[in-house]
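Biologist: Please take a close look at one part of this model, the interface between the two chains. I would like a connected account of what makes up that part.

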Amino acid sequence: MPRRYLAIWLPYLATDRLIKIDPDLKDKPFVLAATEKGRMVIKASSPKAMQEGIAVGKVLADARAIMPALQEFDYEPEVLSSVLEALAEWCMRFSPIAAVDGTDGIILDVSGCPHLWGGEEPYLQAITARMAQGGYHIKAAIADTIGTAWAVARYSAEPAIVEIGKHSEALTVLPPEALRLESAVVQRMQKLGFRTIGQFMNMPKSTLRRRFGDSLIQRLGQALGSHPEILKPVCPIEPYLERLVCLEPICTATGIEIALRHLLEQLCKRLEQEGKGIRTAVFKGYRIDGNVQQISIGTSRASGSERHLFRLFELKIATIEPALGIELFVLEAPLVEELGDLQDKLWDTKGDQSKVAELLDNIAGKVGMQAIHRYLPAEQHWPERSIIETGSLDQMPATPWPQDKWRPLHLLEKPEPIDVMVPLPDYPPILFTHKGKVFNLTKADGPERIEQEWWAADGQPRDYYRVEDAKGARYWLFRAGHYADGDVQWFLHGFFA
Amino acid sequence: MLGLDKKDIVRELREQLLAIQGFKRSVIGQDVPDFGLNAMAPAFPFGVLPLGAVHEFISPTSACATAANGFVAGLLSTLMTNDMSCLWVSTKRSLFPAGLTYFGIQPHRIVFIDVRTDREALWVMEQALKCNALVAVVAELGELSFAQSQRLQLAVEDSKVTGFLHRKRPRRENTLACVSRWKIRPIASHTAGNMPGVGIPVWEVRLEKIRNGKPGTWYFGWKDGAFISIKPQDATVIKVPKIERYA
């Protein structure tokens with residue numbers, strides 16, 4: 001999946017924050033200033049003040065000369081950085097990976113998120129609208145790389161979504177400062193007449209490096225996606241992983257069991273605090289000869305029970321070959337789920353249903369998950385398609401099981417062809433031959449015509465007959481096709497109790 | 001008076017014997033569901049189908065196997081009325097879940113375990129019988145030895161789960177540590193007023209062996225979600241349907 005990044009620029013972060021505290025300031029020009037080299041320099045300027053031409057970086061005294069009514073507040077960078085961090089954490093509602101970017105931006109890794117909002121455009125609109133509701137002016141852009149998203153958010157008037165693979169085109173028209181360069185490099189570029197990135201983007205790297213240094217190559221590469229760039233999320237996603245380093249190599253089953261118990265205890269403690277349970281877990285042993293031995297388990301529902309998980313692993317410990325010894329054990333849970341109250345929905349009626357789940361996990365560990373089946377009704381008449389398998393233990397039927405039609409207790413996986421004797425077309429058969437044996441029929445019911453669902457499959461309809469032979473055994477036979485179309489074929493499909 | 005005393009003493013002794021053999025009144029006495037098998041009550045110890053035990057069913061043909069599964073489904077429908085779940089273990093399963101609705105069972109309440117060998121089926125059954133959150137475990141398999149059946153019996157003694165061991169075409173009908181041995185055979189169905197067509201299923205229920213009970217043969221049908229007892233003279237007659245001819 002291609003990576004997608006969203007860059008948010010908060011150009012008026014400092015003043016927006018003050019307006020949120022004191023709404024009266026909203027339509028007034030004001031600035032935030034701090035001492036720099038013995039004079040007060042403007043660090044942030046409200047939108048109203050910006051309109052009057054009071055730009056960031058001006059000396060406060062000059063600004064006062066232009067506008068005597070200008071209000072002035074202290075600029076507190078620490079407070080702003082904490083505000084920005086809080087905002088980034090709040091942004092985790094849109095994407096799990098959110099990072100603070102400099103002093104006035106937030107970067108989100110939105111790969112795989114926008115479809116939940118119905119596409120990138122509604123996604124971006126949602127973020128912009130929520131931020132505006134909160135009183136922050138923002139500009140945001142989505143692109144393939146962090147560098148391009150950053151550049152487009154700040155320097156482009158174009159639509160803020162850069163299509164997949166179009167990032168280099170989007171960059172060509174932007175000025176060089178959009179590459180997050182140092183001011184000295186930018187100045188040199190302006191001196192040399194580079195107005196847009198497109199002018200030097202395709203120049204040989206050695207030339208660029210000689211004149212502008214390594215940082216330009218790196219920044220350009222990051223914007224184009226050829227250099228890696230790492231986000232530092234505000235809430236890093238910690239993998240569910242525990243390690244145990246052994247002083248001496250372990251080569252006995254008892255030793256492995258002790259290590260496993262130890263790791264399970266640590267992992268389960270952490271999971272318990274977070275209210276989560278394990279769905280799959282991998283236990284790895286790193287041997288001193290470099291080989292890695294591993295066993296894995298899966299559970300049918302999230303489990304945080306040490307005892308149960310250990311029992312699942314226990315069945316497989318014998319497959320670990322310690323050889324000369326294992327020096328490092330790692331227990332990882334790649335898939336964890338919430339241990340919610342939801343779990344007991346189906347099975348909470350009577351009896352301890354977590355016990356059933358544990359039993360099924362045990363069975364899955366021994367004979368495999370593919371052996372366990374549970375069925376729900378499907379809204380189809382065709383017998384083979386009238387039930388649908390479900391992988392979940394908690395899923396309940398969406399529709400009740402049909403009661404009106406009498407279905408056989410045993411159904412052959414594939415209908416088996418039979419030879420029949422029928423007195424008259426459309427009459428039930430009076431005898432049939434299956435695998436060389438003749439069955440004389442005494443009673444019959446039917447036919448019940450079942451058509452192929454035209455949207456699901458093409459084919460002949462089936463006319464089903466419920467018949468009973470002279471010994472009392474009851475069968476489900478059907479005729480595929482119409483007599484009018486020529487050849488018809490008869491099949492045995494099931495047995496009634 | 002002496003005779004009455006003797007009877008009491010004998011009954012008491014018999015109950016003590018049953019208790020020693022694992023049939024505690026507390027187990028079977030409490031809320032025993034009504035299976036509708038009253039006609040065969042004299043066959044059972046204390047007059048009720050022993051629960052918390054393993055019952056063996058033997059089916060020589062696939063028609064008999066279907067009938068036995070039908071009979072077991074009839075028992076399960078009573079056992080599962082309290083919404084507890086059931087495990088159905090089988091090798092080569094041909095049971096069609098939707099067919100269970102006829103016996104008043106919600107098929108999604110049953111978890112099917114399809115294994116390849118009898119050994120695996122027995123392992124799963126033993127594990128399942130130890131789990132007292134289940135109400136019953138059905139296993140369809142072929143062969144098993146006396147020792148293996150003992151393990152099953154040991155498992156149910158603690159958990160009080162009922163097991164149904166359904167043996168299809170066993171090579172030998174060897175003795176097992178099961179509480180009973182049943183053979184179910186389908187016989188001609190019944191229709192109201194001898195109308196043409198296939199009627200309600202009717203089975204010949206042969207109880208070949210029952211611990212502390214009396215074996216015998218009975219006839220049962222399944223009608224409107226319950227067993228109905230059929231008189232032997234009705235059951236043995238295979239009714240020839242009226243042949244109707246249309247112009």
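Modeller: What follows describes the interface from the side of chain A. This is a predicted model, in which local features need pLDDT of at least 70 and side-chain atom pairs count only at pLDDT 80 or more, while totals for chains, interfaces and linings use all residues. Residues are numbered from 1 along each chain as its sequence is written, chains are lettered from A in the order in which they are written, and side-chain values use heavy atoms, with hydrogens and water left out.

Contact (heavy atoms within 4.5 Å) links 52 residues of chain A with 62 residues of chain B. The buried area, meaning the accessible area (1.4 Å probe) that two parts lose on being put together, summed over both, is about 4,600 Å², and carbon and sulfur atoms give 64% of this. On the side of chain A, the most area is lost by L409(A), H410(A) and K443(A), together 15% of what that side buries.

Between the chains, 17 residue pairs are in polar contact, both residues at pLDDT 80 or more; a polar contact is a pair of N or O atoms within 3.5 Å, where within protein one must be able to donate a hydrogen and the other to accept it, and residues adjacent in sequence count only if both atoms are side-chain atoms. The count of salt bridges (a side-chain nitrogen of Lys or Arg within 4 Å of a carboxyl oxygen of Asp or Glu) is 0.

Elements giving two or more residues to this side include strand 15 (410-421) and strand 17 (437-450) of chain A. Helix 14 of chain A gives the most, with 9 residues. Helices (H or I, at least four residues) and strands (E, at least two) are DSSP runs, numbered from the N terminus.
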